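Biologist: I would like a close look at one part of this model. Please keep it brisk and give the cut-offs.

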Amino acid sequence: MTFVEMLAVFGAGAAAGAINTVVGSGTLITFPVLLATGLPPVTATVSNALGLIPGSIGGVIGYRAELRGQRRRILRMSAGALAGGVSGAALLLVLPSAAFEAIVPALVALALVLIVLQPWLAKTVWRRRPPTADPDGGPVLLSGLTLASVYGGYFAAAQGIIYLSLMAMFLDDDLRRLNALRNVLVAVVNTVAALFFLFAADFDWTAVGLLAAGSAIGGRTGAALGRRLSPTVLRALVVAVGTVALIQLLLRD
């Protein structure tokens with residue numbers, strides 16, 4: 001990498017760490033930057049997963065007050081996230097890299113659609129939620145989060161948005177508490193996927209180090225920003241960056 005590219009990767013890591021903590025989808029910032037440095041899509045994905053772990057952990061620490069009283073949820077949902085993350089990481093390595101490169105544009109497009117529709121989806125499902133539903137979401141929510149974790153282990157973009165959408169649909173709780181829980185699940189998936197990749201994939205260690213340093217800073221500041229900035233503003237930023245990433249991916253073909 002050139003010095004300018006290294007600065008860009010570090011800056012993308014910091015931005016992703018902050019955005020992941022607040023609304024998720026920071027991968028839509030780091031992924032196109034890594035591609036722009038010349039990394040192949042699969043190498044960019046596994047390096048991104050490992051590099052963003054410090055940001056995820058920082059986000060969990062930043063929201064620790066909102067996590068109080070959610071121990072049962074954390075244990076239950078983290079088990080599903082663990083299983084799903086390993087499954088998704090295995091799929092990334094088992095399937096041909098050509099298949100991954102072919103499906104990534106569709107995954108990015110899906111992530112952008114989910115980001116835009118998330119508020120409407122949450123409100124629609126919540127209105128139809130049975131009044132006697134399980135306060136912890138029941139098996140339906142757990143199954144949905146586990147499947148989302150498979151997606152997250154395969155390609156992390158917007159996994160946090162999917163988590164938050166599902167939890168907002170099935171859990172009657174403060175959005176900040178749900179966001180804190182989302183950060184835990186993202187940290188679990190990123191960590192287990194990265195550990196899996198360590199034994200079976202090739203990393204770009206320069207990218208990993210730069211992302212780790214940047215995301216560690218961004219993750220700690222993101223929790224503070226999350227209590228002040230409008231999610232709508234951040235969602236618009238992620239959509240804009242994600243659109244650029246989608247165009248770049250399509251042009252590569």
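How many cavities of 30 Å³ or more does the count come to?

Modeller: This is a predicted model, where local features need pLDDT of at least 70 and side-chain atom pairs count only at pLDDT 80 or more, while totals for chains, interfaces and linings use all residues. Residues are numbered from 1 along each chain as its sequence is written, and side-chain values use heavy atoms, without hydrogens or water.

The count comes to two cavities of 30 Å³ or more. A cavity here is a set of points, on a 1 Å grid over the protein atoms alone, where a 1.4 Å probe fits but cannot get out. Points are joined across faces, edges and corners, and the volume is the space filled by probe spheres set on them.

The largest cavity has a volume of about 100 Å³. Its lining holds 14 residues, each with an atom within 4 Å of a point. Closest to the centre are Thr45, Ala49, Gly152, Phe155 and Ala156.

Now the elements. Two or more lining residues come from each of α2 (27-36), α3 (41-51), α7 (138-154) and α9 (175-198). Helices are DSSP runs of H or I, at least four residues long, numbered from the N terminus. Helix α9 gives the most to this lining: four residues.

The lining of the largest cavity has eight nonpolar and six polar residues, and no charged ones. Nonpolar covers Ala, Val, Leu, Ile, Met, Phe, Trp, Tyr, Cys and Pro; charged covers Asp, Glu, Lys and Arg; the others, Gly among them, are polar.

Technical notes
On a 1 Å grid over the protein atoms alone, a cavity is a set of points where a 1.4 Å probe fits but cannot get out, and a pocket is an open set with protein on both sides within 12 Å along at least five of seven lines; lining residues have an atom within 4 Å of a point.
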